[in-house]
Amino acid sequence: MENEPYAGYRGLPPLVGLLPMSQAAEIGLSVEDAVARLKRLHWAFKRLHGVFVTRLTAMPIYELKMAFSLHAFYCAEHVAALAARVQEMRQPPYGLDAAPHAALEIFFDEIAAAPAPEALVLGIYDAALPALVRGLERFLRETHRLFDFPSFRAARWALLETREMAEYGDAAARCLMSAEKRLELAPWREALAQALAAAGDLDGAAAPAGAAPERQFSAAPPRFDPVPRRDERFRDPYNMAVNAEAFLFDERIPAWPKTLMLYFKRMREIDVPEMIAGILAETGGQPWEYYRDLTRQLWDEARHAMMGEVGFAALGLDWRQVPLPITWSLTLNTQLAPRERHAVLYAIEQGLMPRPHGKEGEWRIALASSDRLAALMQDYDWADEVLHARLGRKWLVPEFGSQSEALAAGDRAWSQVLGGWREWREQGLTAHHNWWPDLYRAACAQRGVIPDPDLLAYATSYEATRPDLKAVAG
Ligand SMILES: [Fe+2]
Ligand SMILES: [Fe+2]
């Protein structure tokens, strides 16, 4: 701008500072060209969203499960924003669901079907996201910031979060990928590059070069794997020995030991994204707003899990000693239809609203403990859950006809779920070891206080029942 001969009144930047006048007279994509680019970028975000939600449940590595949750949310947001912009640009039919190029379809199909974790990480974060960053950067350079301002703004916002995803992915690839694995995957990585070249790059701005590669992983279409998996740090995943809700609402127990149970309850929520991902992966034909809302909820639940992780870390406790059960997401994902699972989730979240034992109750417990972090965590958790109950009403009440019908459907579906405390013990999946005393003892040691013998001896259980519907998630 310094060498810009054209200036506004008393040197004010012309054109609101969006771009120099010299550039404004030179650059710009036609509406048709801008729409073609935006449609490709939109489609790439949509495919990536699909990859994240379809692969999240069976992704064993906890950190990647959380990353997929955030990145699915970013993609869902940019799909919505870019689709809205395309629909403003008088170029129907929009064709927003169609693959813009056969080679691009192969590119994303291959990534969607890549074996976890290495090939999947390589495909998403080393191939797709850099191509998306490149396409967004090129769009921002070439479109007219003034004439095409709404597209410019949508792309700038998308670039900010896409760069963040790509940077995380770089770190993930560095941590997870050995030199041998990179070498082994090099021909596949080359095939992905070949697919992009054949498509004229992801955004279609380059001249198409060469033929599309042969399919390797995606010869057969990938299917959603509903079985949640966790990495080797997660032990005893069927353990239902400690009834956190009975503990929390036991008036005899002082407040601060209850914060441990709140951190446990939050981190246990890893199972909620594992379950919501399945609803997203297996529900077709909804407006994008449905997928966006549910992906927002999925990411919120991942945040809740990480809130618990922060709590354990702040207390100097090792969460690996606490069994974080897999039973809820496993039974729902493998036994109920997506619509029923959604109704179960809604019944739970609606059930968290009333006082005194719902989300407000948890927040009051945290406040009483004088643990600032626990109170902050519950404050936001409560706010999020109010939103989730509202999202459930928004999508399920019209579907089931009324709120009471939707809630009844959730309760009915939950009552059909097989498996529980007794079965898992009889099948040798767990001994339901009571982990509470060890956690409490470790927390007391960190705090420099002597454990209360009554609390050391405290035992609760979900014995003889399936975990109560209202108790498990949220
Ligand atoms: Fe929730
Ligand atoms: Fe939650």
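Student: Which residues coordinate the iron ion (ligand 1), and through which atoms?

Tutor: Before the details, please keep in mind that this is a predicted model, in which local features need pLDDT of at least 70 and side-chain atom pairs count only at pLDDT 80 or more, while totals for chains, interfaces and linings use all residues. Residues are numbered from 1 along each chain as its sequence is written, chains are lettered from A and ligands numbered from 1 in the order in which they are written, and side-chain values use heavy atoms, with hydrogens and water left out.

The iron ion (ligand 1) is held by E301 (OE), E349 (OE), E385 (OE), E385 (OE) and H388 (ND1), at 1.9 to 2.5 Å. Donors here are N, O and S atoms within 2.8 Å of the metal (3.2 Å for Na, K and Ca), and because water is not among the atoms, sites may look incomplete. Along the chain, the donors of the iron ion (ligand 1) are spaced as E-x47-E-x35-E-x2-H. E301 also bridges the iron ion (ligand 1) and the iron ion (ligand 2), and these two ions lie 3.5 Å apart. With E301 in helix α11 (residues 288-314) and E349 in helix α13, the pair links distant parts of the chain, 48 residues apart; helices (H or I, at least four residues) and strands (E, at least two) are DSSP runs, numbered from the N terminus. Both E301 and E349 are buried, where buried means under 20% relative accessible area, exposed over 50% and partly exposed in between (1.4 Å probe, protein chains only).

Elsewhere, salt bridges that share partners join E245, K265, R266, R268, E269, K359, E362 and D381 into one network, and the structure holds 38 salt bridges.

Notes. Salt bridge = Lys/Arg side-chain N within 4 Å of Asp/Glu carboxyl O.
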